Amino acid sequence: MGIVSPGFSGRRRTADLPPGQYLTDDFPVLSAGPTPRVRPEEWSFTITTETGREHRWTWREFRALPTERPTVDLHCVTRWSKLGTHWEGVSLDTLLAGVETTADHALAHSYGGYTTNMPLADLRDGKAWIAFRFDGEALAPEHGGPARLLVPHLYLWKSAKWVRGITLLTHDRPGFWESAGYHDYGDPWREQRYWGD
Ligand SMILES: Nc1nc2c(c(=O)[nH]1)N[C@H]1C(S)=C(S)[C@@H](COP(=O)(O)O)O[C@H]1N2
Ligand SMILES: [Mo]
């Protein structure tokens, strides 16, 4: 047992840390461009299927959906990890429930133009959320507010901030960082940082 100081959770240990990562209590901001300012009234989220069918939620419709409060570990490819973070969001299972698709791939799009890809299976079965609250507060713009994708089992670049939609695809299409040499899948436990890892 380690020494547990007041206000610090002593239960998280290096066993929770993927290879090559270090622990931080900070929440660094990593954005490839300026922070888009999207007001909830102008925000919408769209799932577009491989046949071109669109399923769209306004902020009001999105916020009327049932929410979940996942506590998850975050792993950034720049090697910081933050353990036990508290979020509130809508599960992708909820959003995909009424979506008819045979697609195997997904490409998330953000306000501002960022994109990132993942297998559709990685968005299902309780593994991914559209998150709008962090630590009990509305998600700050620099961290992706009003809402961001949260896919914590993959490196954090997959968790698209300011998310505006997800396109379902029959073929894999690399996103912004994946086209720039980062790993197509990005599993932190297999240290899939760059193309070829
Ligand atoms: N739209 C958008 N989403 C993004 C990024 C970005 O530049 N634009 N950066 C990604 C990267 S590389 C990381 S590590 C995380 C950082 O999230 P944070 O700034 O909330 O820590 O957001 C990811 N999502
Ligand atoms: Mo990152």
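**View 1. Trp 162 in the loop between β10 and β11.** In this predicted model, Trp 162 is placed in the loop that runs between β10 and β11 (163-169). Trp 162 is not a glycine, yet its phi is positive, at about 50°. Most residues other than glycine have a negative phi.

**View 2. Asp 135 in the loop between β8 and β9.** The loop between β8 (129-134) and β9 contains Asp 135. Here too the phi value is positive in a residue other than glycine: for Asp 135 phi is near 55°.

**View 3. The cis peptide bond from Gly 145 to Pro 146.** Pro 146 is found in the loop between β9 (137-138) and β10 (148-150). The peptide bond that leads from Gly 145 to Pro 146 is cis, and its omega is near 10°. Most peptide bonds are trans.

**View 4. The residues around ligand 1.** There are 20 residues around ligand 1, and those that come nearest are Pro 28, Ala 32, His 143, Arg 148 and Lys 161. Sorted by class, this shell consists of 13 nonpolar, 4 polar and 3 charged residues.

**View 5. Polar contacts of ligand 1 with Leu 30, Ala 32 and Arg 148.** A polar backbone atom of Ala 32 is 2.6 Å from an oxygen atom of ligand 1. For Arg 148 the polar atom belongs to the side chain, and its distance from an oxygen atom of ligand 1 is 2.7 Å. Leu 30 has a backbone N or O atom 2.9 Å from an oxygen atom of ligand 1. Ligand 1 taken alone exposes 530 Å², of which the protein buries 96%.

**View 6. The largest pocket, whose space is taken by ligand 1.** Rolling a probe the size of a water molecule over the atoms shows where empty space is left. The largest pocket holds about 500 Å³ of space. Its lining is made up of 28 residues, and Leu 30, Ser 31, Ala 32, Tyr 114 and Trp 177 are the closest to its centre. By class, the lining of the largest pocket has 19 nonpolar, 7 polar and 2 charged residues. Ligand 1 takes up the space of this pocket.

Terms used
Residues are numbered from 1 along each chain as its sequence is written. Chains are lettered from A and ligands numbered from 1 in the order in which they are written. This is a predicted model: local features need pLDDT of at least 70, side-chain atom pairs count only at pLDDT 80 or more; totals for chains, interfaces and linings use all residues. Side-chain values use heavy atoms; hydrogens and water are left out. A residue is near a molecule or strand if one of its heavy atoms lies within 4 Å of it. A polar contact is a pair of N or O atoms within 3.5 Å; within protein, one must be able to donate a hydrogen and the other to accept it, and residues adjacent in sequence count only if both atoms are side-chain atoms. Accessible areas come from the Shrake-Rupley method with a 1.4 Å probe; for residues, only the protein chains shown count as cover. On a 1 Å grid over the protein atoms alone, a cavity is a set of points where a 1.4 Å probe fits but cannot get out, and a pocket is an open set with protein on both sides within 12 Å along at least five of seven lines; lining residues have an atom within 4 Å of a point. A molecule sits in a cavity or pocket if more than half of its atoms lie within 2 Å of its grid points. Ala, Val, Leu, Ile, Met, Phe, Trp, Tyr, Cys and Pro count as nonpolar, Asp, Glu, Lys and Arg as charged, and the others, Gly among them, as polar. Grid points are joined across faces, edges and corners, and a volume is the space filled by probe spheres set on the points. Helices (H or I, at least four residues) and strands (E, at least two) are DSSP runs, numbered from the N terminus.
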